[in-house]
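Dear colleague,

Please find the structure below, handed over for your use. My notes on its cores, its surface and a few individual residues follow.

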Amino acid sequence: MSLTILQKLSLQCLKADQPLLTTVRNASKKTGGSTRNKKGHPRPKHRGWRVLDGHYVSQGTILATQLTTRFHPGLNVGFGRNGTLFAMEHGRVIVSCEALEPNWEHTWVQRNYAGRQDQTIYKKFFNVIPEKQHQRFRLVDEI
């Protein structure tokens with residue numbers, strides 16, 4: 001079995017007293033693409049209308065969520081601490097656009113309507129109109 005010239009040279013190189021050095025080439029740039037939606041972004045809050053005009057709601061139903069005073073409470077509608085409007089009675093929702101007469105001593109009003117004291121401000125008002133009682137009662141049981 002005869003050795004080729006290349007095999008003889010490689011054997012002579014391996015027998016040398018010098019250590020065997022090999023070079024490994026690594027990638028110099030990352031191969032992944034850039035992302036626009038990175039981790040740590042909060043989920044959307046989905047603020048706005050929850051119930052449309054003319055729908056029937058029960059007591060405690062959220063009508064609208066908001067960050068600033070975009071919608072205002074009307075008849076039988078409550079105003080939460082975070083600006084949420086909710087129904088205080090069962091009934092039908094009516095949304096109307098009315099002139100606003102804010103309480104200028106209130107800090108929330110001062111913050112959101114600063115510089116608009118002389119203007120007429122129109123805003124959407126949520127109202128809940130309760131269904132009328134039928135006024136027919138029967139005595140079920142007598143004690």
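This is a predicted model: local features need pLDDT of at least 70, side-chain atom pairs count only at pLDDT 80 or more; totals for chains, interfaces and linings use all residues.

Which residues form a nonpolar patch on the surface? The patch consists of Ile62, Phe86 and Met88, and together they have about 250 Å² of accessible area. Areas were computed by the Shrake-Rupley method with a 1.4 Å probe, and for residues only the protein chains shown count as cover.

Residues are numbered from 1 along each chain as its sequence is written, and side-chain values use heavy atoms, with hydrogens and water left out.

Met88, one of the patch residues, lies in the loop between β6 (85-87) and β7 (91-100). Helices (H or I, at least four residues) and strands (E, at least two) are DSSP runs, numbered from the N terminus. Met88 counts as partly exposed, because its relative accessibility is 44%; buried means under 20% relative accessible area, exposed over 50%, and partly exposed in between (1.4 Å probe, protein chains only).

The largest nonpolar core has 12 residues: Val51, Val57, Leu63, Ala64, Phe71, Val77, Leu85, Ala87, Val93, Val95, Phe126 and Val128. At least two residues of this core come from each of β3 (62-65), β6, β7 and β8 (121-129). Another core, of five residues, lies apart from it and includes Leu100, Val109, Ile121 and Phe125. A nonpolar core is a set of buried Ala, Val, Leu, Ile, Met, Phe, Trp, Tyr and Cys residues joined through side-chain atoms within 4.5 Å.

His72 belongs to strand β4 (residues 71-73) and is buried, because its relative accessible area is 10%. Its side chain makes a polar contact with the side chain of Tyr113 at 2.9 Å. Such a contact is a pair of N or O atoms within 3.5 Å; within protein, one must be able to donate a hydrogen and the other to accept it, and residues adjacent in sequence count only if both atoms are side-chain atoms. Not counting residues up to four places away in sequence, His72 touches Leu85, Leu100, Tyr113, Lys123, Lys124, Phe125 and Phe126.

Cys97, in strand β7, is exposed, because its relative accessibility is 57%. With residues up to four places away in sequence not counted, Cys97 touches Tyr122, Lys123 and Lys124. Cys97 and Phe126 are 29 residues apart in sequence and 9.0 Å apart in space, C-alpha to C-alpha.

Two residues deserve a note on their backbone. Most residues other than glycine have a negative phi. His46 has a positive phi, near 55°, and is found in the loop between α1 (5-14) and β1 (48-49). Asn76 also has a positive phi, near 60°, and is found in the loop between β4 and β5 (77-79). His46 is exposed at 56% relative accessible area, whereas Asn76 is buried at 19%.

Yours sincerely

Key
Contact means heavy atoms within 4.5 Å. Patches are made of residues with over 30% relative accessible area and no salt bridge: like charges are joined within 9 Å, nonpolar side chains (Val, Leu, Ile, Met, Phe, Trp, Tyr) within 5 Å. A salt bridge is a side-chain nitrogen of Lys or Arg within 4 Å of a carboxyl oxygen of Asp or Glu.
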